[in-house]
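Open the model in your viewer and keep the selection panel ready.

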Amino acid sequence: MDNNTLLEIRNMRKSFGEKEVLKDISLTVERGEVVSIIGPSGSGKSTALRCATLLERMDGGSLIYEGHVAASDESGTITYADKQQLKKIRNYFGLVFQSFNLFPHYSVLKNITEPVVLSGRADKAEAAKWAVSLLRRLGLEDKADAYPGSLSGGQKQRVSIARALAMQPDVLFFDEPTSALDPELTGEVLRVIKTLATDHMTMVIVTHEMKFAREVSDRIIFMEHGVIHSQGTPEELFNSNDERLNAFIGKLESV
Amino acid sequence: MKISVMLEQLSSGMLVSVEIFLLTLLFSLPLGLLVTFGRRSKNRILSSAVKFYIAIMRGTPLMLQLIVVYFAPFYVFGLTINGFRFPAIIIAFSINYAAYFAEIYRGGIEAIPKGQYEAAQVLGYNRVQTFFRIIFPQVIRIILPSVTNETITLVKDTSLAFVLAQAEMFTIAKQIAAKEASVGPLMVAGVFYFVFNYVVAFIMERIEKKLNYY
Ligand SMILES: Nc1ncnc2c1ncn2[C@@H]1O[C@H](COP(=O)(O)OP(=O)(O)OP(=O)(O)O)[C@@H](O)[C@H]1O
Ligand SMILES: [Mg+2]
């Protein structure tokens with residue numbers, strides 16, 4: 001592990017009851033890297049992301065953010081860090097959900113500022129300043145006082161990206177950020193993510209948008225049946241001879 | 001009996017009815033939330049005990065509960081019960097309505113999508129912050145129509161305090177009606193409950209409108 005490694009996942013395993021969803025996932029993410037995760041439905045992409053963001057407890061493996069151990073099974077059984085340490089580790093990442101999960105009873109502005117203020121990153125006035133400049137950057141400057149219910153899907157997703165960015169995460173996870181959107185609205189969200197990539201934001205993106213993954217990623221990971229089947233640069237993967245990979249990519253591109 | 005005397009007597013009853021109503025809401029709304037927490041607790045013993053309590057409260061007549069609460073100190077502890085009438089009524093009403101409110105809260109809480117908890121967790125909200133800032137405000141809006149229903153029932157239920165001979169609206173109206181051999185006082189009582197409920201419904205509607213900002 002070199003000292004640019006932001007996230008290290010070693011031998012991550014996760015089952016739901018009898019069903020083994022993640023078998024042995026190992027993955028490192030470097031600072032500034034954009035990693036896309038592709039793979040068929042049910043291959044465990046969301047589960048991997050949910051384990052990495054502490055929404056789901058893994059059954060085995062290690063999870064380390066910049067040397068800070070969130071979970072480890074070095075001792076034989078998996079142990080998670082204490083509450084205090086996990087709280088610190090949560091500062092490392094943000095997560096953008098497929099279904100946005102904005103707080104409907106808060107204005108756009110409050111959705112963004114409240115987490116910032118509660119976490120002690122800034123006071124109310126300063127948080128509002130950040131929020132306004134983020135909204136401007138994402139083309140939403142006139143929506144600060146709107147409620148999520150009045151926004152289009154694309155606008156909602158951009159607000160949820162702004163909300164995540166306001167927490168100044170070291171790495172931002174996306175779980176199919178455009179899958180809940182009408183096709184004509186995916187563009188505006190993908191454009192925002194591309195801008196972030198240009199600014200060297202570290203990102204891990206689960207997506208079915210092959211063209212986008214190809215353009216934006218430094219590395220693409222192809223998951224199948226709970227394992228990483230193959231990974232590499234977009235060029236390597238899209239020119240690969242691997243049958244399963246080609247079948248998957250071909251299927252998506254032909255849609 | 002002159003109308004003015006009758007109204008004067010009835011008005012003291014009205015006051016008692018309104019007191020029972022307000023005190024019951026004051027205690028049962030927060031108590032109901034605690035009961036919901038108990039019902040939803042991961043501790044099996046606690047949640048079963050609370051479930052049993054809710055079943056009893058909803059499965060037996062409030063009138064019976066009033067009698068039990070009033071006489072319990074005497075039969076269980078041998079205590080005399082002077083001056084316990086009004087507190088007994090408030091206790092019985094509060095624990096009864098808390099059970100109903102608890103189930104309403106529970107329905108509301110379960111209607112909030114899991115994603116709200118997850119977003120809050122990832123954004124660093126702790127459990128208390130998540131509940132009181134993110135979940136509960138949304139629950140209130142969802143459950144308000146059901147709470148309005150319960151509240152209107154409560155207005156009418158206050159008349160059940162007559163079983164303990166509490167001098168509330170209905171008790172007094174009945175006494176005067178018997179003494180004067182006239183249904184007039186009962187009619188006045190009916191009008192009173194109707195107007196009371198009209199006001200309650202009006203206030204609840206205002207609150208609902210206010211919460212409809214999103
Ligand atoms: N909470 C859960 N309980 C039980 N099974 C689950 C749970 N979450 C996911 N699964 C199962 O785990 C498997 C992997 O799910 P996951 O959501 O990680 O797949 P995915 O790769 O994200 O698929 P998609 O592309 O459809 O989003 C699926 O078979 C799913 O049914
Ligand atoms: Mg998924």
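Select R50(A). At 17% relative accessibility it counts as buried (buried means under 20% relative accessible area, exposed over 50%, partly exposed in between, with a 1.4 Å probe and protein chains only). This is a predicted model: local features need pLDDT of at least 70, side-chain atom pairs count only at pLDDT 80 or more, and totals for chains, interfaces and linings use all residues. Residues are numbered from 1 along each chain as its sequence is written, chains are lettered from A and ligands numbered from 1 in the order written, and side-chain values use heavy atoms, without hydrogens and water.

**Stop 1: the partner of R50(A)**

R50(A) sits in helix α1 (residues 45–52) of chain A and E118(B) in helix α5 (residues 114–122) of chain B, so the pair joins two chains. Helices (H or I, at least four residues) and strands (E, at least two) are DSSP runs, numbered from the N terminus. E118(B) is buried too, at a relative accessible area of 10%.

**Stop 2: the interface**

Show both chains. Here 21 residues of chain A are in contact with 17 of chain B (heavy atoms within 4.5 Å). About 1800 Å² is buried between them, 62% of it from carbon and sulfur atoms (accessible area, 1.4 Å probe, that two parts lose on being put together, summed over both). Now pick F103(A), H105(A) and L118(A): they supply 32% of the area chain A buries against chain B, more than any other three residues.

How many salt bridges cross this interface? The rule finds 2. Select R133(B) and E114(A) for another bridge, with the closest N and O atoms 3.1 Å apart. Then colour β7 (93–96) and α3 (108–118) of chain A: each supplies at least two residues of the side that touches chain B.

**Stop 3: inside chain B**

Move to R58(B) and E103(B). Their side chains meet in a salt bridge at 4.0 Å, N to O. R58(B) lies in helix α2 (residues 44–59) and E103(B) in helix α4 (residues 85–110), so the pair ties together parts 45 residues apart in sequence. R58(B) is partly exposed at 42%, whereas E103(B) is buried at 18%.

Next, select E110(B) and R106(B). This salt bridge spans 3.6 Å, N to O. Both residues lie in helix α4 of chain B, 4 residues apart, about one turn.
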